Amino acid sequence: MKYILVTGGVISGIGKGIIASSVGTILKSCGLHVTAIKIDPYINIDAGTFSPYEHGMSAEIFSINEHVQACHLIVYPSLCPGELGGTVGDIESMPFIEAFRQFQFKVKRENFCNIHVSLIPQPSATGEQKTKPTQNSVRELRGLGLSPDLIMCRCTTALENSVKEKISMFCHVEPQQVICVHDVSSIYRVPLLLEDQGVVSYLSRRLNMPIETRPRKMLTKWKEMSDRSDRLLEHCSIALVGKYTKFSDSYASVIKALEHSALAISHKLEVKYIDSANLEPSTLQEDPVKYHEAWQKLCSSDGILVPGGFGVRGTEGKIHAINWARKQKKPFLDANSTEFDPETKHPVVIDMPEHNPGQMGGTMRLGKRRTIFQTTNSTLRKLYGDAEYVDERHRHRFEVNPELKSHFDEKGFRFVGQDVEGERMEVIELDDHPYFIGVQYHPEFTSRPIKPSPPYLGLLLAAAGKLQSYLQKGCRLSPR
């Protein structure tokens, strides 16, 4: 296994994730088997229970175990780019840096390298690209025991040669190890930018990986996709009705899955964020302007998506949005389940038997699970290429009450996908509707830029009025 650790300096949100995935993409195009990890230095017992609005840590871990072994992975691919979240120097990332310092010796130099992503600010007053923040960041990283093999410089415009040479001299790397990552028209251009600067050939030598220099079909497809993303003319709007819409990163995976699907059908995506609580009658009384603005956004959208969320707040608003989508024949996708009132007399959504309701952390049904399609006449089954079953990732602790299955079926609301044992309802579809689908799993987790998630692709196709034609053509998109 070869490991590539991506660290970041100067500011957070520098683009470490994009660099890690871009490196993975160009190496995957060379025929290597690639996986990836993201290490978030949230020092908390179970960071998965955070609200996306929360951002904190607990000092408890320091007294438990100072040397966090963040890198003990059970993986089978040949290459693993890993992103260490946060900024070098942050207190919460210190144990992880130390773990990697030790880890590099454990796996040997030829199996581990470090890519450091740093900001090159360019003040508008002078227009001069400044290297001092990067010098300081690399010095701090070295002081903690890691030496960057590649320094990727995030800058507004292309890096000047004199600046590149200065970074090379003061950061103790060769000029070819300084990579310019300037602003581009879309993130899909970043892998091509790295490819053009010889990143593959450098990593091949540095990690002793024999890579063929034959033409790469995947990279050709990637270039076609990035070119297409620059010339989209048609638009498609999706209303995202959720609880954490003030912070778009809360739904990063969902937004990317929507973008992948919109790009596949050559449409420019417009996401309309709607706080589900603003759709509720109580908001009409408290703040009529917010209420009417929320409903105007919903009604003017081409399709509606309700992503998963925990807790009671905003649930009523989500139900209003779903009800409106059902009655108005508006394309709709419900990705994952939501909690409801535990005291309800009509328990449609219930605790899973193995879930301990008194405990939040570590009690979810997690990981890849198989869903078996129960009928051949299913829109989602067709979108999955007429598959008999699909394996998708789950993250939930509630399920639809199986005792109510027959009541739903009688009304044309059919559970077309169930788990292997036939006990859990995984996919539901509404008859006589252009696209009304709910899934228990998280389809966005397996969406890829050149292979969009079928449930999301179906939503975008329906929103653009192209779903039936797509299905009639055997699930093939029209040529460019």
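**View 1. Arg189 and Asp227 pair through their side chains in a salt bridge (2.8 Å, N to O).** Arg189 sits in the loop between strand E6 (178-182) and helix H6 (190-196), and Asp227 in helix H8 (residues 217-229), so the pair ties together parts 38 residues apart in sequence. A salt bridge here is a side-chain nitrogen of Lys or Arg within 4 Å of a carboxyl oxygen of Asp or Glu. Helices (H or I, at least four residues) and strands (E, at least two) are DSSP runs, numbered from the N terminus. The model is predicted: local features need pLDDT of at least 70, side-chain atom pairs count only at pLDDT 80 or more, and totals for chains, interfaces and linings use all residues. Residues are numbered from 1 along each chain as its sequence is written, and side-chain values use heavy atoms, leaving out hydrogens and water.

**View 2. Arg189 also forms a salt bridge with Asp230 (2.7 Å, N to O).** Asp230 lies in the loop between H8 and strand E7 (234-242), so this pair ties together parts 41 residues apart in sequence. Asp230 is partly exposed, at 40% relative accessible area. Asp227 is partly exposed too, with 24% relative accessibility. Buried means under 20% relative accessible area, exposed over 50%, partly exposed in between (1.4 Å probe, protein chains only). A network of salt bridges links Arg189, Lys223, Asp227 and Asp230.

**View 3. Arg381 and Asp386 meet in a salt bridge (3.2 Å, N to O).** Arg381 is buried, at 9% relative accessibility. Asp386 is partly exposed, at 46%. The count comes to 14 salt bridges.
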